[in-house]
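Please read them with the structure open.

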Amino acid sequence: MGLGAFARAHAAVFTEDAMLAAGDFGWGIVGVTQRSDTVARQLAPQEGLFTVSERGGAAAPLRVVSSIVEAISGRDNPEGVVARIAAPATKIVTLTITEKGYRFDPQTRTLDLHDPDVQADLTGRPPVTAIGQIVRGLQQRATAGAGPVTVLSCDNLPANGILTGTLVRNFAAALPATESGPLVAWMRGNVTFPSTMVDRMVPATKPGDLAAVEHELGVQDEAAVVAEPFKQWVMEDNFAAGRPRWEDAGAVFSDDVAAWESAKLRLLNASHSMLAYLGLLAGKETISDAVAVQPFRTACRRMMLEEALPSITLPAGLDGEQYCDQVLRRFANPALGHTTAKVGSDGSQKVGLRLLTTVRGTLDAGRAPRWAALAVAAWMHYVAGTLETDLNDPLAAELNAALPAAGDAHSMVPALLGFRPIFDQDLAGNKAFRDLLLHWYRIIETNGPDGLGNEINNG
Ligand code: CS2
């Protein structure tokens, strides 16, 4: 579920590699698009085939991937999605639907039962939310005796398997008692929700990328994707109905996925977000342009080394400093064209998981979260500046309603701190954090990117 560029460049590639390496060709992917049906329309006339174009040092030649056997639109054909989830041949339902696709309340990590689409799905209409489609599919499986299945979240969320299991059970529990009772009981013995850590930088495909692929391949491919050469997948080995031999394709099975996920979110994704907002502030179009600004790179490094690393427990075998260096090298890939606007989108869904976790951890250790606060202040300044025009965020309307039309650090920082979907009361009331936000916001406001650079360099 979720057939964006990331799913094509990650799960589809790992799955094809696993089939090739293991000689086990019994697998195939039915891809389901979410809100837009574009990718389903692009893939259909190509029989699911698409090209992966790696960019940067050690890039492999163009490759046509064949693991997607069918692509359907979840918006136009919700019953079809439910039927595919219910089909006995379906063994795994993967999700790459981004943070906002889960419709959860970040403070309670439970399903947002106030969400109008969730509510409508609960009434029994053909479901449009991913969680609603999964539950209806599981319900049909239970009734038809179609056998166990695995639901595998592949999004950047901490303990994504536990979260997904909770949301599925929340939806099931909100159904009428005659439906929920038997379903919840069946799920207990037949559905697993392993956690995963997924990693590959995959920008949105641009028209120029399609032209370059066509030039090299000699055929037009509307669904081609661009990706960095690096890719990583760490999973819990808890599958209810079998799985491809992904380990033969380089995936790692681990009992410590939560530690991998925290490391990735708080080091890679947190710095990615920081660079996106600092880069947007300084007029940098891509992450590689932003990381080339020496003070911005310094701020990222210091946030990772001085604040994020001390507040997490690394998984065995991961060298924290090497990981940070590798992340900065990957960001610097000039051929990728990963835009700051794309990484900066949906900030309301990302800031809490990527940055506020480190802010809290650092405050709890009795230290000042100076660098993480800079990233949050840069996001705040970006929100205040783009709110009325084109803030690409699912909570744009709510943010718009909560903030003054215009304002400086003194009005914007407290107004944003009062925005409960992101900041809980505790953090919003923390004086040290608030002072740091005011400090950085004012520097951004009055001194611009260059003044900010000087302040960063002064430590
Ligand atoms: C990025 C991620 O868009 C974003 O927010 O931080 O998509 C990032 O590229 C991937 O998580 C890398 O694995």
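1. In this predicted model, glutamate 70 and arginine 84 form a salt bridge in which the closest N and O atoms are 2.6 Å apart. The glutamate belongs to strand S4 (residues 68-73) and the arginine to helix H4 (residues 78-86), so the pair ties together parts that are 14 residues apart in sequence. In general terms, side chains of opposite charge can pair when their charged atoms come close. The count of salt bridges, by the rule applied here, comes to 27.

2. The domain assignment divides the chain into domain 1, covering 5-253, and domain 2, covering 257-458. To the contact between them, domain 1 contributes 32 residues and domain 2 contributes 29 residues. When the centres are taken over C-alpha atoms, domain 1 and domain 2 are separated by 28 Å.

3. The area buried between domain 1 and domain 2 comes to about 2,400 Å², and carbon and sulfur atoms account for 60% of that area. How many salt bridges are counted between domain 1 and domain 2? The count is four salt bridges. Elsewhere in my reading of the charged pairs, I noted that the side chains of arginine 354 and glutamate 99 meet in a salt bridge, with an N to O distance of 3.5 Å.

4. Turning to polar contacts, the rule finds nine residue pairs across the interface of domain 1 and domain 2, with both residues of each pair at pLDDT 80 or more. On the side of domain 1 that touches domain 2, at least two residues are supplied by each of strand S10 (196-199), strand S11 (225-227) and strand S12 (232-235). The largest share of that side, four residues, comes from S10. Sorted by class, the side of domain 1 that touches domain 2 holds 16 nonpolar, seven polar and nine charged residues.

5. Between S12 and S13 the pairing is parallel and extends over two bridges, and valine 234 stands opposite valine 252 in S13.

6. S5 pairs with strand S8 (residues 149-153) in the parallel sense over four bridges, and the bridge partner of leucine 95 in S8 is serine 153.

7. A last point concerns asparagine 190, a residue of helix H8 (residues 177-190). Which residues does asparagine 190 touch, if those up to four places away in sequence are not counted? The contacts of asparagine 190 are then with Pro148, Val149 and Ala240. The C-alpha atoms of asparagine 190 and alanine 241 are separated by 8.8 Å, although the two residues are 51 residues apart along the chain.

Technical notes:
Residues numbered from 1 in each chain as written. Predicted model: local features only at pLDDT ≥ 70, side-chain atom pairs only at ≥ 80, totals over all residues. Heavy atoms only, no water. Domains from an automatic or database assignment. Contact = heavy atoms within 4.5 Å. Buried area = accessible area lost by both parts, 1.4 Å probe. Polar contact = N/O pair within 3.5 Å; in protein donor to acceptor, adjacent residues only side chain to side chain. Nonpolar A, V, L, I, M, F, W, Y, C, P; charged D, E, K, R; others polar. Pairing = 2+ DSSP bridges.
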